[in-house]
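Hi,

Here is the model I promised to pass on. Please have it open while you read, as my notes follow below.

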Amino acid sequence: MAASGLTVSVVGTGYLGTAHAAGMAQLGHDVVAMDVDAEKIASLSACELPFFEPGLGALLRKGVESGRLRFTTSYDDLAGADAHFVCVGTPQAPGSCAADLRWVEAAFTELADRLSGPSVIVGKSTVPAGTARRMADIVARRTDQVEVAWNPEFLREGHAIEDTLRPDRLVFGVETPRAEKVLREVYRTVIEEGCPVVVAGYATAELVKVSANAFLAMKISFINAIAQVCEATGAAVLPLAEALGYDDRIGPRFLGPGLGFGGGCLPKDVRALYACASELGLEDVAAFLRQVDVINLGRRDRILSLGRELLGGSYAGARVCALGAAFKPNTDDVRDSPALAVAAGARREGARVVVHDPVAVDSARRARPDLEYADSILTAARGADVVLLLTDWTEFEDLDPSVLTPVVRHRNIVDARNLLLPTRWRASGWNYRS
Ligand code: UGA
């Protein structure tokens, strides 16, 4: 990638901020990334990622060793950059469906208090419509040199580098030609490689992001709703989804029936959007989106009940092997993880649950210390009365019934991600449900 020589700052070095900072350095910019968490900054400066993301460690090291990427805990070190990207978290507010914006506000205020020369503060965090306007007002009260833009990110965990360097589209929420020009310069190489750019106002840019996530969530809940109709009518949802997917207008992705969606984004964004619709008095819209969440959460109960049926009606005293803790494969993220919710549900109903995940055991243990953890599939499965396959890791796809048969107590398996070949398991004497 050619150097294009801007100076860029990144505020917030969580998952998004770290990927963005390393990506910006790879695009040839001079990057300083800031976080108030000194421990995080120390480990990033030493090129150690505090979370799991394929390939990002190497990109981080490349940036640091090239001298184009450095880390700091002080806002004072960010003054002078041409563009400041705000990548702080917007978690679901405690006791509410709305997003908690306190870190976004703090970042804009702290930056505006320190910037004197012309520059642009670019929000990347996922926020409700109206936030960019409020941030622009906060900034305008402090300086007339600094503009505000919104540039939502669409990166998926497990694909952070690809999505940062080769995004499907760029969305610029801007109010002035200068802000657009700076963003076009920041992403010059990406745009030259053919990435489409959509230029719009603040509210549109903010809404594109939550609408994209809500649409993906809706697609998953749609196929899961149809899965229930299939179960009730004796139809098979997998060939049905395949047939739907061949229609170009529908497409095959995010049409995988199973345990449903989780993670730090889809669930919170759907909830934030229905909270926003409800606040706006759009009750029909709120009810429509709320149902996406309801259907999704219902999947967890359904999978639990399949396990209960295999156990003869109760989890009490049973030994459960839970395969998977992460909310999806290729991440150690267990936020709102359907897998962990099901494991915890079985535990609550009196089972002894042993969880195995290829990378998420440590993060799962921190989130759910009441469950037991094993570092291999076989250890987790020893003496199990039922195996619940909860995350679609490729490691689990290759599971061989003849390897599990000698270690379990009863040959019962619930394949919550439709990952295995039912005929193969049934032929080996397993009670297989999906
Ligand atoms: C999601 C979006 O895909 C990104 O575009 C967006 O930038 C990101 O949120 C964000 O807001 O930051 P991510 O949370 O990493 O990315 O996860 P996805 O790959 O979208 O998967 C979400 C969930 O849907 C997972 O639990 C996955 O298992 C589930 N899923 C996915 C299904 O249940 N069925 C499918 O067919 C596909």
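**Helix packing**

Helices H9 and H12 are oblique to each other; angles under 35 degrees count as roughly parallel, over 145 as roughly antiparallel, 65 to 115 as roughly perpendicular, and the rest as oblique. Before going on: this is a predicted model, where local features need pLDDT of at least 70 and side-chain atom pairs count only at pLDDT 80 or more, while totals for chains, interfaces and linings use all residues. Numbering starts from 1 along each chain as its sequence is written, and side-chain values use heavy atoms, leaving out hydrogens and water. Helices (H or I, at least four residues) and strands (E, at least two) are DSSP runs numbered from the N terminus.

Back to that pair. The axes of H9 (202–233) and H12 (283–310) cross at roughly 55° and come within 9 Å. Axes here are lines fitted to C-alpha atoms, for helices over the stretch in contact, with angles from 0 to 180 degrees between N-to-C directions. H9 passes H12 in a left-handed crossing (left-handed if the near helix is turned anticlockwise from the far one by less than a right angle, right-handed if clockwise). On the H9 side the contact (heavy atoms within 4.5 Å) includes Ala214, Met218, Ser221 and Glu231, and on the H12 side Phe288, Val292, Asn296 and Arg302 are among the residues involved.

H9 has 32 residues, which should span 46 Å at 1.5 Å a residue, and its end C-alpha atoms are 47 Å apart, in agreement. The expected span is 1.5 Å times one less than the number of residues. Just after H9, glycine 234 takes a positive phi of about 80°.

Isoleucine 220 sits in H9 and counts as buried at 9% relative accessibility. Buried means under 20% relative accessible area, exposed over 50%, and partly exposed in between (1.4 Å probe, protein chains only). Setting aside neighbours within four places in sequence, isoleucine 220 is in contact with Phe254, Gly260, Phe261 and Leu266.

Leu266 takes us to H11 (266–279), whose 14 residues reach 20 Å from first C-alpha to last, close to the 20 Å expected at 1.5 Å a residue. H11 is largely enclosed by the rest of the structure, because 12 of its 14 residues are buried. The cover over those residues includes H9 and H12. Glycine 281 follows H11, with a positive phi near 80°.

H4 (102–114) and H5 (131–140) make another pair: their axes come within 9 Å and cross at roughly 30°, which makes H4 roughly parallel to H5. H4 passes H5 in a right-handed crossing. Val104, Glu105, Phe108, Thr109 and Ala112 of H4 meet Thr131, Arg134, Met135, Ile138 and Val139 of H5.

**The sheet and its helices**

Six strands form an open, parallel sheet in the order S11-S10-S9-S12-S13-S14. S11 (372–373) and S14 (431–433) stand at the edges with a single partner each, so one side of each has no neighbour in the sheet. For pairing, DSSP must find at least two bridges between two strands. S13 (412–415) and S14 pair in the parallel sense over 3 bridges, and asparagine 412 has asparagine 431 of S14 as its bridge partner.

H12 turns up again here: it lies across S12, S13 and S14, running at about 165° to S13. H13 (338–348) lies across S9, S10, S11 and S12, at about 160° to S10.

Threonine 391 is in the loop between S12 (386–389) and H16 (394–397). At 0% relative accessibility, threonine 391 counts as buried. Not counting residues up to four places away in sequence, its contacts include Leu323, Lys328, Asp357, Phe396 and Arg417.

S1 (7–11) and S2 (30–34) run parallel and are joined by 5 bridges, with methionine 34 in S2 as the bridge partner of valine 11. S2 is mostly covered, with 4 of its 5 residues buried.

Cysteine 47 lies in the loop between H2 (38–45) and H3 (56–66) and is buried, with a relative accessible area of 12%. Beyond neighbours within four places in sequence, cysteine 47 is in contact with Leu60, Arg61 and Val64. Its C-alpha is 9.1 Å from that of lysine 62, 15 residues apart along the chain.

Cheers
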